[in-house]
Amino acid sequence: MDSEVLIEVNQLSRHYRTSKRGSKHDNKHSGSRDGYAIAVDNISFTLQRGEVLGFLGPNGAGKSTTMQMLTGNLAPTHGSIKIAGMDLMDNPIEAKAKIGYLPDTPPLYKELSVDEYLIYCAQLNRISKGAIKSAVNMAKERCGLTEHGRRVINNLSKGYQQRVGIAQAIIHSPDIVILDEPTVGLDPIQMIEIRKLIKELGESHSVMISSHILPEIQTICNNVQIINQGKLVLNASIEQLTQHMQTQNLHISCTQLIDIHKMTVLEGISEVKQDNNHFILTCTLPAAEEHDEEHEREAAMIKTARQVIELANQQQWGLYEIFSEKQSLESVFMSLTTSDLLLKQGLNID
Amino acid sequence: MIRLIALRELKNLFLSPLAWAILAVTQIILCYQFLSQLETYMQVQEKLSVLEKSPGITDLVIAPLLGGAAIVLLIIVPLLTMRLISEEQKNQTLSLLFSAPVSMTEIILGKYLGILGFLLILIAMIALMPLSLILGTAIDLGQLFSALLGLTLVLASFAAAGLYMSTLTKQPAIAAISSFGLLLFLWIINWAGSSVEAELATNQNGENVLTWFSLLNHFEPMLKGVFSSADIAYYLLFICLFLVFAIRRLERLRLPH
């Protein structure tokens, strides 16, 4: 088997006392018991080589806490973490050498120049003297920092500081790269570059990234985990996920008022929502169990759309805009994080 | 790894104006003290020379200078140590060290040796003043070195206590004021000791415990050139104790709380 398990997390939990004021965690209490709030509740998962795992969740869901535990910044209350077969508690130094970590706030010494900082990071990660220069150059090149080596970090823009943070995480080419919201504060072009970088990293390393930006996860990850209130509510591959997106929205705009009733009786349309003269039609598509059935769903969608256009012509509603919107990860995310219903509907695929 | 962290710490210190300001201010204050003491000594020198076993320049200028240096640095060392951990906690840069393959002990020792390096530079600069007297007169070099060793041990103890205080809080200012408070308290703890001692004068059971705990109490003999292994052991124990506290505290930062 060439799928090698790099992270193995078993029933990981982290509690903290709520009675103490000024708790050091950004995480909002995710349900409490006996004066303890639970930041992360009994999470188990594995990460394999070559996997890019997206970690999603609303604010305070426990994403950062989980990542901090994986990187040895926080000790878990219960459970075990194995990094490349080594227990993080028993062999912290060997295990940590395999991880590159970018926390939500990049840990930058702002009075240093980019080069000085990266050299220090390389040394901290025990890169041999001769290899430091090439490691620093490689990291700078990958993060687009080649021309900024001599600048003081404090004078760099936030986006560039973020890049220095990423460079710091990949400098020792670790097996596992853990990035906590890596694209925050970047402009769209930088975001695309960083996503490209993460995809590249995913080929040789394992990457785990957390994000609020759902399309980002959709484009760069091959597996998704959604965490809510400290609990893992979804653990699935992107393919599995798209198969379960059974609905699709059709947006139309008309100049005249339309008869919603006539619309709802059309085949394949389950719900119509009105927003002035803009209408959102929710279409139910046949569930695609196999990957090949994707085009059948596509055809069903086109059929529904044509029906709508014909109807609009007949009734002279003055249709001037129509477009379809694929149900995104966003809606799955919303439904999972607002209720646990989908879990019961069997979306939890292991 | 320890050396790496220590060197980084030392370099970082000199990147901020704080280190330079501290060096300058300490030097100016001590220089003024040195010169005024020298002036007084020149005035009384003739009268003193009549006396049998008169105190020399080492007793009258150098010992008070280094004693004064310890007091000035009592205020200044907390300003240096306050940054060590609490500023990293505040800026959230501590995770760089925590996620690197480095043990807590290495982090603490690295930070400690970094600050110790800076203090040694400071002591070397202070030592230049008494050493400049060699040009004009004979000084008791043995006493000077004993006093300098004492000063080094006192400052090393200050730094260890300050480092521990810095692990306790995210606010550098609070770390500074609390380590200053702790050090001052340990400095003057023998005040209570001495009055109790007076009452217990009849009780011949040796030293008062409070007096023994005083940082000052172990420094004074060294200023006079009395070199006792008990005093050195006191400082080394003091340093080890606070370093162990600091390491344990750093470990605890990761635990649920």
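Across the interface of chain A and chain B, seven residue pairs are in polar contact, both residues at pLDDT 80 or more. A polar contact is a pair of N or O atoms within 3.5 Å; within protein, one must be able to donate a hydrogen and the other to accept it, and residues adjacent in sequence count only if both atoms are side-chain atoms. This is a predicted model, in which local features need pLDDT of at least 70, side-chain atom pairs count only at pLDDT 80 or more, and totals for chains, interfaces and linings use all residues. Residues are numbered from 1 along each chain as its sequence is written, chains are lettered from A and ligands numbered from 1 in the order in which they are written, and side-chain values use heavy atoms, with hydrogens and water left out.

**Interface of chains A and B**

- On the side of chain A that touches chain B, strand 1 (5–17), helix 2 (92–96) and helix 3 each supply at least two residues. Helices (H or I, at least four residues) and strands (E, at least two) are DSSP runs, numbered from the N terminus.
- Helix 3 of chain A gives the most to that side, with six residues.
- That side of chain A divides into 15 nonpolar, 10 polar and nine charged residues. Ala, Val, Leu, Ile, Met, Phe, Trp, Tyr, Cys and Pro count as nonpolar, Asp, Glu, Lys and Arg as charged, and the others, Gly among them, as polar.
- In total, 34 residues of chain A are in contact (heavy atoms within 4.5 Å) with 27 residues of chain B.
- The two chains bury about 2900 Å² between them, 57% of it on carbon and sulfur atoms. Buried area is the accessible area (1.4 Å probe) that two parts lose on being put together, summed over both.

**Salt bridges**

- Over all chains the count is 11 salt bridges. The rule asks for a side-chain nitrogen of Lys or Arg within 4 Å of a carboxyl oxygen of Asp or Glu.
- Between chain A and chain B the count is one.
- A:R126 pairs with B:E106, with the closest N and O atoms 3.6 Å apart. A:R126 lies in the loop between helix 3 (114–124) and helix 4 (129–142) of chain A, and B:E106 in helix 6 (residues 104–132) of chain B, so the pair joins two chains.
- A:R126 is partly exposed at 42% relative accessibility, while B:E106 is buried at 17%. Buried means under 20% relative accessible area, exposed over 50%, partly exposed in between (1.4 Å probe, protein chains only).
- A:R142 and A:E200 form a salt bridge at 4.0 Å, N to O. A:R142 is in helix 4 and A:E200 in helix 6 (residues 188–204) of chain A, 58 residues apart.
- A:R142 is partly exposed at 29%, and A:E200 is partly exposed at 36%.
- A:E193 and A:R163 form a salt bridge at 3.1 Å, N to O. A:E193 is in helix 6 and A:R163 in helix 5 (residues 158–170) of chain A, 30 residues apart.
- A:E193 is partly exposed at 38%, whereas A:R163 is buried at 4%.
- In chain B, a network of salt bridges links B:E9, B:R83, B:E87, B:E88 and B:K111.

**Strand 4 of chain A**

- Five of the five residues of strand 4 (residues 52–56) are buried, so this strand is largely enclosed by the rest of the structure.
- Both faces are covered: A:V52, A:G54 and A:L56 are buried on one side, A:L53 and A:F55 on the other.
- Strand 4 runs parallel to strand 9 (residues 206–211) of chain A, joined by five bridges. A pair of strands needs at least two DSSP bridges.
- A:F55 has A:S210 as its bridge partner in strand 9 of chain A.
- Strand 4 also pairs in the parallel sense with strand 10 (residues 223–228) of chain A, over four bridges. Here A:L56 stands opposite A:I226.
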